[in-house]
Amino acid sequence: MSAPRAATATPFTLVTGVIGADTHIVGNRILSMALEEAGYRVVSLGALTPAGDFIRAAVETAADAILVSSLYGQGELDCRGFRELCIEAGLDDILLYVGGNLVVGKQPWDDVERRFLDMGFDRAFAPGTRVPEALAMLGADLAARTPKAARQ
Amino acid sequence: MNDIASPKAVAAPLRETAIPDDDFQAMRVANLARWPTGAAVDFDEAVAFHHALPPHKRLADAMRRAHDGRRCLTQPRGGFGTLAMQKALMIALDRDGLADIVPTTTDSYTRNEQFAAAGKGVEESERLGRSLLNGFPIVNYGVAAARELIGAIDKPAIMLTGTSMPKLTSEIGFAAGYTGYLGSGIAYTTSYIKELSIADGIRNYQYLDRLAAHYASHGVELHRRQPGFLTGTNIPPCIAIAIAVLDCLLAAAQGVRHYGLELAQTLHLVQDAAAIAACEALAQEYLARKGYRDVFTPVTSLHWMGAWPHDAAQAATLVSYGGTLAAIGGATSVTTKSTHEAHGIPTPEANAEGLRITRMAIYLARGIRLDGLAEYEAERTLIEREVRAIVDKVLEMGDGDVAVGTVRAFEAGVLDVPWSPNRHVKSRVMPARDARGYLRIFDAGALPLPRDVLEVHAEGLRERAAREGVACDRELAIRSVYELSEPLAMLAPDRPMPAAAAR
């Protein structure tokens, strides 16, 4: 995609992708471009990515966070056990975000958010969240952490 | 990725020519053996079932009647994870929504042939009493259950299964009494899968089209339909129509004689009307060039496929205007959405409401046409020149074979789709919306469009950038992706906005 603008590089690595059998790539690609422009190293897995592929990529690249997108409603099924898979792979404290149209149908956001936080995601983002809001949250959450790369 | 074994295809070179009968019957046997419910497909019994359907439950008949009478039929999208939920949905759409065509959308596990995962989704949906699947897993349920759905409604039913692997859903759907199937080898392979090659996607749909032709040879005309919406985000009409024409030629080569073309709305009245007219005319032009003179190609218009506004009032406007655009454009049917679109899958009530809003708009637009309007004629001419430039090049690259030309053209970027998830598509082309609301091409990649045509596109985009005081760059294209989902206070402010927020 577009060449990253000269931004101040951060020491953090992020994995992005669209989970499960979901083909909605547009928003995820725009998010990944914005993350690169913000100076992150982004491992972009694209559409139709099984949970295991996120975790493998995070292990291989010593990622600090995984950002899971889901637009098609079946995210609730796809994301179950995601935190447990991370722990099994030794990624006990990796930052986990999820966002999009996460469930089937229009359900109260507080219920949906609770469901995903209970699954072990650190933050869940409601449908229609814009990139700057996610970038701000991510910056604040990562500021409190030591980059993975610096720990090894 | 798939949890069932795909028989290794005999690596015959890809050609557009019809699959020979013996080969096809062997392919059907192997296909139906891939999942237990395949065994219940009995072709002769299915043909008898279709012959016994009343004419008003046959979609091919309904589309021909609507086309003859210049009427615009309504059809929503819709699917839930259990038979009971799906039945209630289809009844609501038929009776409360006055749908002319009732859909069954399959869930995304089924579309990717992950039938074991779909089975778990059914169990979980039943346990929790709400659908966890985004559609109906028709392969898990099988022919007899799907026939309960056909029996529950008094309208024709269509399968909507966004997939590049339609071989089992189509066998089971047609055997159950569905009389329509949306999907095509080029369009869906570029939009619904990451790894599958264009050639294999074409092969999978050659099977489906050959199956539809096989039913036709037994007196059962089915409505095949091409989904021109592709990746659903700012698709300029020329890209959608070029691919629709190529998919149509591939279907005709397998023997299909009834092939609908579905175009997503750009939400520009003139551009959509011009696209609908150009699409049918160009399909017929290329069919004639290839020697097919008896293919029926009605056009369906599809409500906005990009990002939707969350505000129900703004969303209702898109639903209503979508009916207006389809009717004035002369579409034979319209595929509807609802005020819930930004939030995901609609409830049956919201879905039925979307149908009624659209139906009222169609009623109001009766008889209105844009033919003769200078701006409409200019846009139609522009689209036709663009499509001919692309399709002629594809045919040339394939030495006359549509399948071969398509594969080579994607490799070269001569065919290209914006924002495609598929690795075999270059996705260099980048559209944006211009100053007057037309969808134009900001970066044409390797699309073989004439220089003066590209200048028309560039001029409109420069005009917009100048008016808004921004650079004419990729940022404008990206902003166009979200534009119509933005809050009204930002799109059409009632008071001056602070300079920073106005961006």
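This is a predicted model: local features need pLDDT of at least 70, side-chain atom pairs count only at pLDDT 80 or more; totals for chains, interfaces and linings use all residues.
Residues are numbered from 1 along each chain as its sequence is written, and chains are lettered from A and ligands numbered from 1 in the order in which they are written.

Reader: What radius of gyration does chain B have?
Author: The radius is taken over C-alpha atoms, and the globule rule is 2.2 Å times the number of residues to the power 0.38. For 503 residues, a compact globule would come out near 23 Å, and chain B agrees with this at 22 Å.

Reader: What is the strand order of the open sheet of eight strands in chain B?
Author: Helices (H or I, at least four residues) and strands (E, at least two) are DSSP runs, numbered from the N terminus, and two strands pair if DSSP finds at least two bridges between them. The pairing in this sheet of chain B is parallel, and the order is β1-β8-β7-β6-β5-β4-β3-β2.

Reader: Which strands of chain B stand at the edges of that sheet?
Author: An edge strand here has a single partner strand, so one side is left without a neighbour in the sheet. In chain B these are β1 (73–76) and β2 (102–105).

Reader: Is β5(B) largely enclosed or exposed?
Author: A residue is buried if 20 or more other C-beta atoms, placed from the backbone, lie within 10 Å of its own, exposed if 12 or fewer, and partly exposed in between. B:H223, B:R225 and B:P227 point one way from β5(B), B:R224 and B:Q226 the other way, and all are buried. Five of the five residues are thus counted as buried, so β5(B) is largely enclosed.

Reader: In β6(B), which residue is the bridge partner of B:R224?
Author: β5(B) pairs with β4(B) over three bridges in the parallel sense, and B:L182 stands opposite B:R225 there. With β6(B), the parallel pairing of β5(B) runs over four bridges. The partner of B:R224 in β6(B) is B:Y259.

Reader: How many residues of domain 2 of chain B are in contact with domain 1 of chain B?
Author: Domain bounds come from an automatic or database domain assignment, which gives domain 1 (34–364) and domain 2 (375–485) in chain B. Two residues are in contact if their C-beta atoms, placed from the backbone, lie within 7 Å. On this basis, 44 residues of domain 1 of chain B meet residues of domain 2 of chain B numbering 37.

Reader: What covers the buried residues of α16(B)?
Author: Helix α16 (residues 402–412) of chain B has eight of its 11 residues buried, so it is largely enclosed by the rest of the structure. The buried residues include B:V402, B:V407 and B:F410. Their cover includes α9, α10, α11 and α15 (374–397) of chain B.

Reader: Which elements give two or more residues to the side of chain B that touches chain A?
Author: Between the chains, 29 residues of chain B are in contact with 22 residues of chain A. The elements of chain B that give two or more residues to that side are α5 (108–111), α6 (115–128) and α18 (474–482).
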